[in-house]
Amino acid sequence: MIEREKVIEKYFQSWIHKNNSILSQIFDPNITYTECYGPEYHGLAKITKWFDDWNTRGTVLVWTIKQFIHQGSMTAVEWYFKCEYESVFSLYII
């Protein structure tokens, strides 16, 4: 469980630092990634493009993990997220 938490923490930090290098270390090339509000990205190349495109228009200001929820081989995360995207500030608590 601790290892999964560290990977998730690294992923969140990659957004704050706009550093996509962690993506190839944590995702399989054939991954399907689903955002919390529905969009899906298929394959590491598409995830990397989405990451880079998003970060040219926006900045993650805060992405704090409130808690990890573990059940068997699955881990869910509750978080606090604040960003500026195309000059609009947004706040999400999931």
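Q: Why is Asp 53 called partly exposed?
A: The relative accessible area of Asp 53 is 31%. Buried means under 20% relative accessible area and exposed means over 50%, with partly exposed in between (1.4 Å probe, protein chains only), so at 31% Asp 53 is partly exposed. One thing to keep in mind is that this is a predicted model, where local features need pLDDT of at least 70, side-chain atom pairs count only at pLDDT 80 or more, and totals for chains, interfaces and linings use all residues. Residues are numbered from 1 along each chain as its sequence is written, and side-chain values use heavy atoms, with hydrogens and water left out.

Q: What makes Asp 53 and Lys 49 a salt bridge?
A: Their closest N and O atoms are 2.7 Å apart. The rule asks for a side-chain nitrogen of Lys or Arg within 4 Å of a carboxyl oxygen of Asp or Glu, so the pair qualifies at 2.7 Å. Both residues lie in helix α3, four residues apart, or about one turn of the helix. Lys 49 counts as exposed, at 53% relative accessibility.

Q: How do you know that Arg 57 and Glu 86 form a salt bridge, and what does the pair tie together?
A: The N to O distance between their side chains is 3.7 Å, and they meet in a salt bridge. Arg 57 belongs to helix α3 while Glu 86 sits in the loop between β4 and β5 (88–93), so parts 29 residues apart in sequence are tied together. Arg 57 counts as partly exposed at 42% relative accessibility, and Glu 86 does too, at 49%.

Q: What makes β3 and β4 a strand pair, and in which sense do they run?
A: They pair in the antiparallel sense over 12 bridges. Two strands pair if DSSP finds at least two bridges between them. The bridge partner of Val 62 is Lys 82 in β4, and Thr 59 stands opposite Glu 84 in β4. The two strands form a hairpin with two residues between them, and Gly 72 in the turn has a positive phi of about 60 degrees.

Q: Why is the pair of Phe 12 and Trp 79 called edge-to-face?
A: There are 17 aromatic pairs. In this one the ring centres are 5.7 Å apart and the planes stand at 90 degrees, so the pair is edge-to-face. The rule for Phe, Tyr and Trp (its six-membered ring) is centres within 6.5 Å, with planes under 30 degrees apart stacked, over 60 edge-to-face and the rest tilted. Phe 12 in helix α1 (residues 2–16) and Trp 79 in strand β4 (residues 74–85) are 67 residues apart, so the pair links distant parts of the chain. Both Phe 12 and Trp 79 are buried.

Q: Why is the pair of Tyr 33 and Trp 50 called tilted?
A: The angle between the planes is 50 degrees and the centres are 5.2 Å apart, which makes the pair tilted. Tyr 33 lies in strand β1 (residues 32–34) and Trp 50 in helix α3 (residues 44–57), so parts 17 residues apart in sequence are tied together. Tyr 33 is buried, with a relative accessible area of 16%, and Trp 50 counts as buried at 12%.

Q: Which residues lie nearest the centre of the largest pocket, and which element gives the most to its lining?
A: The lining has 31 residues, of which Tyr 33, Glu 35, Cys 36, Trp 63 and Trp 79 lie nearest the centre. β4 gives the most, with seven residues.

Notes
On a 1 Å grid over the protein atoms alone, a cavity is a set of points where a 1.4 Å probe fits but cannot get out, and a pocket is an open set with protein on both sides within 12 Å along at least five of seven lines; lining residues have an atom within 4 Å of a point.
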